[in-house]
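Biologist: Hello! Could you show me the model and walk me through its side chains?

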Amino acid sequence: AIPFDLSKLKVTGEPLAVLSHLRTESTIGHAQYSFAANGLLVYAPGGANDLSRLVTRNRAGRVDTLPFEPAQFGCLSLSPDGTRLAARLADPGTGQWDVWVYDLAHGTRLRLTTSGGLNCPGFSPDGRVSYVTRSGADATIFTQSTTGRESPTVVTALKVNGLSSASRWSPDGRHIAVYPVGASTGSAVMVVGLDSAAPVHP
């Protein structure tokens with residue numbers, strides 16, 4: 001972690017190590033952790049190919065291991081209120097990645113997708129899970145209720161150069177940032193305005 005002045009967009013201090021030995025995704029190198037607005041931190045310790053247990057740490061420093069079976073987690077994303085977690089999980093038999101939702105308060109989980117080929121999930125401001133599917137250069141952003149009782153809704157479709165690794169929403173719900181990763185271009189940020197569905201490259 002590092003102090004950062006949002007008004008000036010400047011770093012204002014020295015970095016401080018918060019956690020070590022976090023699991024990372026071998027394909028894109030994402031460290032497996034997520035913060036909620038209330039300061040709750042959830043993370044998956046271990047190496048790139050390890051099965052991990054989910055661990056939380058609150059503002060007071062209390063550490064709890066959650067009562068879920070170990071899994072190969074990818075792309076952890078806490079809901080805005082910190083009560084639910086969306087994550088990609090790899091099927092141990094097929095290696096297929098799908099989106100699961102964990103209810104942290106009740107210790108339950110739900111498999112939200114079964115089609116595989118999905119990128120990192122996120123949460124819209126109204127608490128729905130969002131994720132990106134991709135076929136060639138065509139990517140589609142979906143949202144879906146965490147109950148799994150509703151069919152996914154198409155938010156927008158766009159063209160991407162390479163894998164779109166994640167989607168993140170603006171607080172007002174009017175923009176989505178996606179992160180295309182191309183073999184020749186590396187990582188980039190594409191901001192999609194939902195009023196016009198026109199991508200903007202910052």
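Modeller: Gladly, and one term comes before the rest: a polar contact is a pair of N or O atoms within 3.5 Å, where within protein one must be able to donate a hydrogen and the other to accept it, and residues adjacent in sequence count only if both atoms are side-chain atoms. This is a predicted model, where local features need pLDDT of at least 70 and side-chain atom pairs count only at pLDDT 80 or more, while totals for chains, interfaces and linings use all residues. Residues are numbered from 1 along each chain as its sequence is written, and side-chain values use heavy atoms, with hydrogens and water left out.

Biologist: Which side chain does a polar contact of 2.9 Å join to that of Asp64?

Modeller: Asp64 sits in strand 6 (residues 63-65); strands (E, at least two residues) are DSSP runs, as are helices (H or I, at least four), numbered from the N terminus. Its contacts, meaning heavy atoms within 4.5 Å, include Leu54, Val55 and Thr56 once residues up to four places away in sequence are set aside. The polar contact of 2.9 Å runs from the side chain of Asp64 to that of Arg62.

Biologist: Is Asp64 buried, exposed or partly exposed?

Modeller: Buried means under 20% relative accessible area, exposed over 50%, and partly exposed in between (1.4 Å probe, protein chains only). Asp64 has 27% relative accessibility, so this residue counts as partly exposed.

Biologist: Which side chain makes a polar contact with the side chain of Arg128?

Modeller: Arg128 is in the loop between strand 11 (122-123) and strand 12, and is buried because its relative accessible area is 18%. Leaving aside neighbours within four places in sequence, Arg128 touches Gly122, Phe123, Thr143, Gln144, Ser145, Glu150 and Thr153. The polar contact, at 3.3 Å, is with the side chain of Glu150.

Biologist: How are the rings of Tyr131 and Phe142 arranged: stacked, tilted or edge-to-face?

Modeller: Rings of Phe, Tyr and Trp (its six-membered ring) pair if their centres lie within 6.5 Å; planes under 30 degrees apart count as stacked, over 60 as edge-to-face and the rest as tilted. The structure holds four aromatic pairs. In this one the centres are 5.8 Å apart and the planes of Tyr131 and Phe142 lie at 25°, so the pair is stacked.

Biologist: How many residues apart are Tyr131 and Phe142?

Modeller: Both Tyr131 and Phe142 are buried. The pair links distant parts of the chain, with Tyr131 in strand 12 (residues 129-135) and Phe142 in strand 13 (residues 138-144), and the separation is 11 residues.

Biologist: Over which ring does the charged end of Arg109 sit?

Modeller: A charge sits over a ring if NZ of Lys or CZ of Arg is within 6 Å of the ring centre and within 35 degrees of the ring normal. The charged end of Arg88 is placed like this over the ring of Trp97, 4.4 Å from its centre. For Arg109 the distance to the ring centre is 4.2 Å, and the ring belongs to Trp100.

Biologist: What is the phi of Cys75?

Modeller: Cys75 belongs to strand 7 (residues 73-78) and counts as buried because its relative accessibility is 5%. Leu9, in the loop between strand 1 (4-5) and strand 2 (10-11), is exposed, with a relative accessible area of 63%, and has a positive phi of about 55° although not a glycine. Cys75, also a residue other than glycine, has a positive phi near 55°.
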